[in-house]
Amino acid sequence: MDKLKKEFSKIYDKYVEKIFRFVFLKVNSKETAEDLTSETFLRTWEVFKNGNQKIENVSAFLYQTARNLITDYYREKGKAQIISPDLGRPIADPRQNLEKQAILNSEMERIRKALSQLDEDYQNAIIWYYLDELPIQEVANLLDRTVPATRVLISRAIKALREKLEKV
Amino acid sequence: MMTEKEVIEKIRLLRQIKPEKKWVFLTKERILGKEPIFFPFLKPAFAGLLFILILFGLSFTSLPGEPFYLIKKLVERGQTVFVPEEERPKLELDLANKRLEELSKIAEKNDVKKLAPAINEAKESVAQATKNLVKSKKVDKEIAKKALELEKKKKEVEASLQTKITEENPAMVVAKYLIEDFEKRTLTKDQKQILEKAKGCFENGDFAKVLELLLTIGQ
């Protein structure tokens with residue numbers, strides 16, 4: 001058990017920020033993102049320690065679990081996926097000066113807003129490929145598409161985001 | 001028109017979205033149980049976290065003109081940026097109330113050096129709250145209560161300093177919106193009387209009284 005815990009501890013450290021950010025960009029609430037991220041790792045740990053269901057690809061498993069939880073969250077709440085932001089303060093960096101931080105925050109909010117207006121596949125493609133830097137094959141697997149089709153999707157997603165950014 | 005490279009660079013700014021270290025640590029502990037750590041305070045990560053916590057702790061009680069005040073403002077501004085548009089007027093009213101509270105403390109201590117920066121902070125914050133109210137054009141009971149609290153605090157501080165802090169008046173904006181809102185509604189005879197009385201108080205510039213009266217209609 002200790003060996004499993006150690007192994008999962010490394011997985012947790014490697015992915016916790018990425019999963020939190022992925023969830024956060026979808027739900028726009030720090031508290032909800034914390035809850036869903038925590039549940040994602042808890043469920044993955046349950047599967048991981050029982051070993052009944054082998055996890056082939058941990059990163060894909062985590063993202064898929066997070067996606068399912070996000071879908072359940074919106075279904076339960078009866079909310080549309082595009083909602084206004086409700087973020088606490090996961091990003092304030094005290095090393096930056098006030099002016100720089102304010103500019104950065106406003107720019108980040110602009111991008112987040114534009115991203116949230118895209119289709120779910122476009123959002124995911126951008127997050128996984130550019131933000132989390134997953135290999136194209138993994139992004140394709142997650143999106144259930146071929147690699148060439150994924151490349152086309154990513155290119156369209158960037159174009160769509162650029163158009164939204166011009167309007168936001 | 002932005003280039004693709006510029007868009008990608010902008011996307012990467014979102015990497016700064018990170019969970020709180022404390023939450024990361026506690027969640028892991030909750031899932032996997034406690035790790036045996038004998039001298040956590042000797043670990044650099046813990047020392048860093050402890051330092052940040054102490055710094056934040058010190059900043060929360062700091063007043064304008066003090067060294068940690070900038071950190072306090074930075075944290076507060078960080079919070080406002082991601083608050084939903086409709087919640088922003090409430091938050092700005094809370095911040096304005098805080099600034100007036102700080103000013104009141106400084107006035108009590110008669111700390112002349114900090115008085116000017118504190119007045120400026122309060123002035124800016126009240127102006128920001130007013131701006132947000134005008135922009136949102138929506139008020140509810142909670143906003144009315146916060147605006148009433150702010151108006152009372154403002155009057156109190158102005159009386160103690162024997163000077164007007166600012167011409168901006170969030171309570172007047174809220175009172176105006178509330179009157180307009182109640183005028184459109186079907187009211188009972190008693191409620192109509194209260195509304196008329198409130199309109200009179202508005203004419204006399206007694207916005208705190210207007211809010212007090214209109215809050216009774218909303219109950």
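1. Burial first. A residue is buried if 20 or more other C-beta atoms lie within 10 Å of its own, exposed if 12 or fewer, and partly exposed in between, with C-beta atoms placed from the backbone. A:Lys18 has 21 C-beta neighbours inside 10 Å, so A:Lys18 counts as buried. A:Lys18 lies in helix H1 of chain A. Its C-alpha atom is 9.7 Å from that of A:Thr37, 19 residues away along the chain.

2. Basis of the model. This is a predicted model: local features need pLDDT of at least 70, side-chain atom pairs count only at pLDDT 80 or more, and totals for chains, interfaces and linings use all residues. Residues are numbered from 1 along each chain as its sequence is written, while chains are lettered from A and ligands numbered from 1 in the order in which they are written.

3. Make-up of chain A. Chain A has seven helices and zero strands. Helices (H or I, at least four residues) and strands (E, at least two) are DSSP runs, numbered from the N terminus. The element order from the N terminus is α-α-α-α-α-α-α. Of the 168 residues in chain A, 35% count as buried. Contacts need C-beta atoms, placed from the backbone, within 7 Å. Among contacts in chain A between residues at least 6 apart in sequence, 62% join residues at least 24 apart.

4. A:Thr44. This residue sits in helix H2 of chain A. A:Thr44 is buried, because 23 other C-beta atoms lie within 10 Å. Leaving out residues up to four places away in sequence, A:Thr44 touches A:Phe61, A:Leu62 and A:Thr65.

5. The largest nonpolar core. A nonpolar core is a set of buried Ala, Val, Leu, Ile, Met, Phe, Trp, Tyr and Cys residues joined through C-beta atoms within 7 Å. The largest one has 41 residues, and A:Ile19, A:Val23, A:Ala66, A:Ala125 and A:Ile126 touch the most other members. H1, H2, helix H3 (58-77), H4, H5, helix H6 (136-143) and H7 of chain A, together with helix H1 (4-13) of chain B, each supply at least two residues of this core. H1(A) gives the most, 10 residues. Domain 1 (1-81) and domain 2 (106-168) of chain A both give residues to this core, so it lies between them. Those bounds come from an automatic or database domain assignment.

6. A:Ile19 and a second core. Setting aside neighbours within four places in sequence, A:Ile19 is in contact with A:Thr37, A:Thr40, A:Leu62 and A:Ala66. A second, separate core has 33 residues, including B:Val139, B:Leu148, B:Val174 and B:Leu213.

7. Contact between the chains. Chain A provides 43 residues and chain B provides 34 residues. On the side of chain A that touches chain B, H4(A) supplies the largest share, 11 residues. By class, that side has 25 nonpolar, seven polar and 11 charged residues. Here Ala, Val, Leu, Ile, Met, Phe, Trp, Tyr, Cys and Pro count as nonpolar, Asp, Glu, Lys and Arg as charged, and the others, Gly among them, as polar.

8. The faces of H7(A). The buried residues of H7(A) are A:Thr150, A:Leu153, A:Ile154, A:Ala157 and A:Leu161. They cover an arc of only 100° around the axis, which puts them on the same side of H7(A). The arc is that of the directions from the helix axis to the C-beta atoms. On the other side, A:Pro148, A:Val152, A:Ser155 and A:Glu166 are exposed.

Conventions. Two residues are in contact if their C-beta atoms, placed from the backbone, lie within 7 Å.
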